[in-house]
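The following exercises are to be worked through with the sequence and the structure at hand. Each task is followed by a solution in steps.

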Amino acid sequence: MPNKRQFRTDAKRGRYRINILKMTCPSEKANCVGWYFESKSIVKVQRNFHTKFNKPPPSRNSILSWHKKFLETGSVLDKQRSGRPSTSDSDVERIREAFTRSPTKSTRQASIELGVTRSSIRDVLHKRLHFKPYKMQLVQQLKPSDLLIRFNFAVDMLHRIDVDNDFLQRIIFTDEATFHVSGHVNKHNTRIWGSENPHFIIETVRDSSKVNVWCGLMADRVIGPFFFAESTVTKEIYLDMLQLFAIPHISHIPNIFWQQDGAPPHWGKIVCSYVDTQFPQRWIGRDGPLA
């Protein structure tokens, strides 16, 4: 019984032999067929092949297959495969018109409307129309005065990190998110097809069904989430959440730093005053001591 080393060696030879046979050219196949007609011997064909081409000979099945193909077709060449039918110029133009008229259309929807497979539509968009799927991005507006404020804040944070190794561990980062239960644009799944960036703007429907959620993150824990019963978070509602939920959950942590963004409910006077009392000189946000 062969040992493991011999088995691996035979396996490698087998793979090598298969790769060689895959590269057998038509002239080599023709020589094999001619030798077989002359000698009717597989062994002689293999010897002649090895002597003339100086590489491992083809197998018995390959030689017989080439001989049979020559008798049936008069050639050792493979039949030309029809392959996958290419998309017609008229379909290409229909796809162009569909995505020019509605750039946010999905390939699935276009496939249903045009009667063309999704893979063909993607190939046409990428390879023939040279369209690219651009993703929408939402960014916060910056004013010229914000640049210096941001620079000074970054310098201050870097200094605090240098002098206090635990500074980042004692920050609680907070934010709210709005989840629409229907009819809202999903930026992660929506793509806009075009040959150039269209800088597309989406108009959203006001007062759609939604739920507002607050959450706080620290290095070693998550505070929340807290679901607001109200559809709109005002400064009064935000203050109630701080007093009844958020602050009681972190009151036992010493010297904590509070971070909140500049959303309107966060910088109401009653909110800022309350946060000042809970985190004197230790909160980050609009109109805060560490703004």
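**Exercise 1: The chain as a whole**

The secondary structure of the protein chain comprises 10 helices and 7 strands. The model is a predicted one.

Solution. 

**Exercise 2: Cysteines**

Task: Determine how many disulfides the structure holds, and decide whether Cys25 is buried, partly exposed or exposed.

Solution. 
- Step 1. In general, a disulfide is a covalent bond between the sulfur atoms of two cysteines.
- Step 2. The number of disulfides in the structure is 0. For Cys25, the nearest cysteine sulfur is that of Cys32, 9.5 Å away.
- Step 3. The relative accessible area of Cys25 is 27%, so Cys25 is classed as partly exposed. Cys272, with a value of 11%, is buried.

**Exercise 3: A pair of strands**

Task: Describe how strand S4 and strand S5 are joined.

Solution. 
- Step 1. Strand S4 covers residues 210–217 and strand S5 covers residues 222–227.
- Step 2. The two strands run antiparallel and are joined by 4 bridges. In one of these strands, S5, Phe227 is the bridge partner of Val213.
- Step 3. With 4 residues between them, S4 and S5 form a hairpin.

**Exercise 4: Aromatic rings**

Task: Classify the ring pair of Trp35 and Phe53, and then the ring pair of Phe37 and Phe70.

Solution. 
- Step 1. Two quantities describe a pair of aromatic rings: the distance of the centres and the angle of the planes. The structure holds 9 aromatic pairs.
- Step 2. For Trp35 and Phe53, the ring centres are 6.4 Å apart and the planes stand at 50°, so this pair is tilted. Because Trp35 lies in helix H2 (residues 26–39) and Phe53 in helix H3 (residues 42–53), the pair ties together parts that are 18 residues apart in sequence. Trp35 counts as buried at 15% relative accessibility, whereas Phe53 is partly exposed at 22%.
- Step 3. For Phe37 and Phe70, the centres are 5.9 Å apart and the planes stand at 70°, so the pair is edge-to-face. Phe37 belongs to helix H2 and Phe70 to helix H4 (residues 60–73), so that the pair links distant parts of the chain, 33 residues apart. Phe37 is partly exposed, at 35%, and Phe70 is also partly exposed, at 33%.
- Step 4. One aromatic cluster is formed by Trp214, Phe226, Phe228, Phe245, Trp258 and Phe279.
- Step 5. A charged residue can also be placed relative to a ring: Arg286 lies over the face of Trp267, at 3.8 Å from the ring centre.

**Exercise 5: The setting of a histidine**

Task: Locate His67 and decide whether His67 is buried or exposed.

Solution. 
- Step 1. His67 is part of helix H4.
- Step 2. The relative accessibility of His67 is 13%; buried means under 20%, so His67 counts as buried.
- Step 3. Neighbours within four places in sequence are set aside; His67 is then in contact with Val33, Tyr36 and Phe37.

Terms used
Residues numbered from 1 in each chain as written. Predicted model: local features only at pLDDT ≥ 70, side-chain atom pairs only at ≥ 80, totals over all residues. Heavy atoms only, no water. Disulfide = S-S within 2.5 Å. Buried < 20%, exposed > 50% of the residue type's maximum accessible area, 1.4 Å probe, protein only. Pairing = 2+ DSSP bridges. Phe/Tyr/Trp six-rings, centres within 6.5 Å; stacked < 30°, edge-to-face > 60°. Lys NZ or Arg CZ within 6 Å of the ring centre and 35° of its normal. Contact = heavy atoms within 4.5 Å.
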